[in-house]
Amino acid sequence: MAKDFTFPFLYKEWLVSTQGMDADVRGWYINLLAHQADKGALPNDIESLAELAGVKFSKYVRFKECFNHTLAAKFPVNEDGNRANEIMKGIKDERDNYKANQRRRGIVGAFIKIQRKTHNLKKSQWDSISKELMNVDFTKSKNEIDIALSIRFKHTLQAFIDSEDDNESNSKDNDDEDHTELWPTFDDFWDLYDKKIGKKEKIKSKFDRLPHKTKEAIMAFIPDYKRSQPDKQYRKNPETFLNNESWNDELIQINGNRSTNNARTDAELKSTSSDVVDQLLR
C-alpha cells in the first residue's frame, strides 16, 4: 500500500496545546508528530526521541528536560511500550482504514468486472455479491485473496440460484392449489333461488360483495321464501331480492304462520307485482 504523505493540521488545537511553549520545543513537537504519522508510533527512549526530533547535541540536555516536563504528556506510553500522540493516532487510524477500504473496493470491483462477462445477474444481485466479497481477508497474499474471492463468489451465486429455484417451486405450488370458492358461491345462490332472470354478471357482482355471513343468511332464507311463494313467477327477481335485502323480510306461510321478524310492506308487495309484470312483458 502506498504511503500517505499528508495529515491534517489541526491548527486550533495546535495553538491551544502549544501555548507557552518556546519555539524550539514546538519544533521538536512537530517533528515527533511527523515521525509518528510515518511510523505509527515512537520509541520510548530519550536518545531515539531526540534523534527523531532533530535535537542538536548542544540542546540534548534541554530537550531531555523539556520532554519530561512537557512533551511526555503529549506522547503517552501505549500498551505496546511505545509512545504515541492520541490525536495523531486517531487521524492515522482513520486514514489507514479509509485507504484499506478503498483498496478492498478496488480489488472487488476488478473481480466483479471480470465475472460480469460470464454471468448475467440483476444489479441488486451484483450489489449483494460485492458486499459479501468485501468480507474476505485482504491482508493475505494476492493469490490467496483471489482464491478466497472465487470461493465466496461461487457460494453466493449458488445461494441466488437456490433461492430462485425455491421461489419457482413455491410459485408452482401456489398455482396448483385448489382455489375453490367458499360456500355459498354465487352459483349456489343462483341455482337455489331458481329464478334466472336479469343480468347475471351484474347480480353476481352484487352478491359477491356481500359479507359471508349475509350470504349464509340468504341461503338459509331462500327455502322458506320458496315455500311461502311456491309459484316462481310471483317471486322477486334476483336483483330486486338483493337490492331490497329481502332475506330480512317476514314471511307468511301458506298456513298463515310467520317465520321472520318484519311485516312485508305495501311497497315490497308492489315491487313483487312489478317484477311479475316485467316478466310477462318480456
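Guide: The axes of helix α5 (residues 86-115) and helix α6 (residues 123-133) come within 10 Å and cross at roughly 140°, where axes are lines fitted to C-alpha atoms, for helices over the stretch in contact, and angles run from 0 to 180 degrees between N-to-C directions. Helices are DSSP runs of H or I with at least four residues, numbered from the N terminus. The angle makes α5 oblique to α6, since angles under 35 degrees count as roughly parallel, over 145 as roughly antiparallel, 65 to 115 as roughly perpendicular and the rest as oblique. The crossing of α5 and α6 is also right-handed, a word used if the near helix is turned clockwise from the far one by less than a right angle.

This is a predicted model, in which local features need pLDDT of at least 70 and side-chain atom pairs count only at pLDDT 80 or more, while totals for chains, interfaces and linings use all residues. Residues are numbered from 1 along each chain as its sequence is written, and side-chain values use heavy atoms, with hydrogens and water left out.

Where the two helices meet, V108, F111, I112 and Q115 of α5 are in contact with W126, I129, S130 and L133 of α6, contact meaning heavy atoms within 4.5 Å. Sorted by class, this contact of α5 with α6 has 6 nonpolar, 2 polar and no charged residues, with Ala, Val, Leu, Ile, Met, Phe, Trp, Tyr, Cys and Pro counted as nonpolar, Asp, Glu, Lys and Arg as charged, and the others, Gly among them, as polar. As for the setting of this pair, the chain has 12 helices and 0 strands, a strand being a DSSP run of E with at least two residues.
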